[in-house]
Amino acid sequence: MIRMNSLILEGRFNSLARQISRKLISIIKDSYEATNDADGKFLGHKVYYTANESVPDINTTSAPDIYTDEIENTSIPLEFYLTLKLQWIDGFGKLYCDGNAYNNPGMDADEPPLVEVLLKLDPAMYPDVLNQIVSELADTIRHEIEHLTQSGWNTKPGKYIPTDIKLRNQIEAGKLSTYNYYILPKEIPAMIQGLYNKAKKTRTPFADVVNDHLQIIIDKGWMTAEQSEIIKDTWRTYLPKLSIRQEL
């Protein structure tokens, strides 16, 4: 049985994700002006790189935060810090969108967590790439918001999940197959919620969004088609728990 209060709460999560996405899209549009700046800067930060320039690793402090905000939502409630790192790179040829949630693994915390959104874009793809950015942000932001509810400052009733850092470390070290990442207890609900939000945003069947996402991972050689089926079998058992009525 799908509970009405679960649907209402998830609707609030999705609404918050949309609000954040709209704000970030506005900043992304404004930051394009850096591609016409002699120093490649936006708001005082270097964000545009020509083909001859060295690009700092966006996952390190060498890449600056170009936007920081404190998010306080009283209707959920939810509180966290948000940062955006962005790079315009000539010849990049694709869109890179990712996110990180820095959150206390315990059931409580002394301070709100941090959500970091990372974007790398090719100026030649602008503005056509905006629609793709919107859909990717729908996934990324909703995914990270789900992580915030699993522990720490914003732990929600029934959502707490103990740390899985040992398994993550084994996957990162290559001791476990990458596909295991997609069936980690913390990742399953975050993956599902993010992709479901993306499916709604793009008006695409949920199953198609999931299949497309997993196919990208298969194409990179990080998992097999058989392993992707194991992932989907596992995710199907979670859909009723997350109040999601979708075929997969």
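Gln150 touches Thr155, Lys159, Tyr160, Ile161, Lys186, Pro189 and Ala190, leaving aside residues up to four places away in sequence; contact here means heavy atoms within 4.5 Å. The residue lies in the loop between helix 2 (130-148) and helix 3 (165-172), where helices (H or I, at least four residues) and strands (E, at least two) are DSSP runs numbered from the N terminus. Gln150 is buried because its relative accessible area is 1%; buried means under 20%, exposed over 50%, and partly exposed in between (1.4 Å probe, protein chains only). The model is predicted, with local features needing pLDDT of at least 70 and side-chain atom pairs counting only at pLDDT 80 or more, while totals for chains, interfaces and linings use all residues. Residues are numbered from 1 along each chain as its sequence is written, and side-chain values use heavy atoms, with hydrogens and water left out.

Val55 counts as partly exposed because its relative accessible area is 30%. Its contacts, again without residues up to four places away in sequence, are Tyr49, Gln87 and Ile89. Val55 and Gln87 are 32 residues apart in sequence, and their C-alpha atoms are 8.4 Å apart in space.

Turning to surface charge, Arg18, Arg22, Lys200 and Lys201 gather in a positive patch. Patches are made of residues with over 30% relative accessible area and no salt bridge, with like charges joined within 9 Å and nonpolar side chains (Val, Leu, Ile, Met, Phe, Trp, Tyr) within 5 Å. A salt bridge is a side-chain nitrogen of Lys or Arg within 4 Å of a carboxyl oxygen of Asp or Glu. Arg18 sits in helix 1 and is partly exposed, because its relative accessibility is 37%. Asp30, Glu33, Asp37 and Asp39 form a negative patch. Of these, Asp37 belongs to the loop between helix 1 (4-31) and strand 1 (41-42).

The backbone also has some features to point out. The peptide bond from Ile76 to Pro77 is cis, with omega near -10°, and Pro77 is in the loop between strand 4 and strand 5 (78-89). Another cis bond runs from Tyr126 to Pro127, with omega near 5°. Leu43, which is not a glycine, has a positive phi near 55°; this residue is exposed, because its relative accessible area is 59%.

Key: Areas by Shrake-Rupley, 256 points an atom, 1.4 Å probe, with all protein chains shown as cover. Lys, Arg positive; Asp, Glu negative; His and termini not counted. Charge placed at Lys NZ, Arg CZ, Asp CG, Glu CD.
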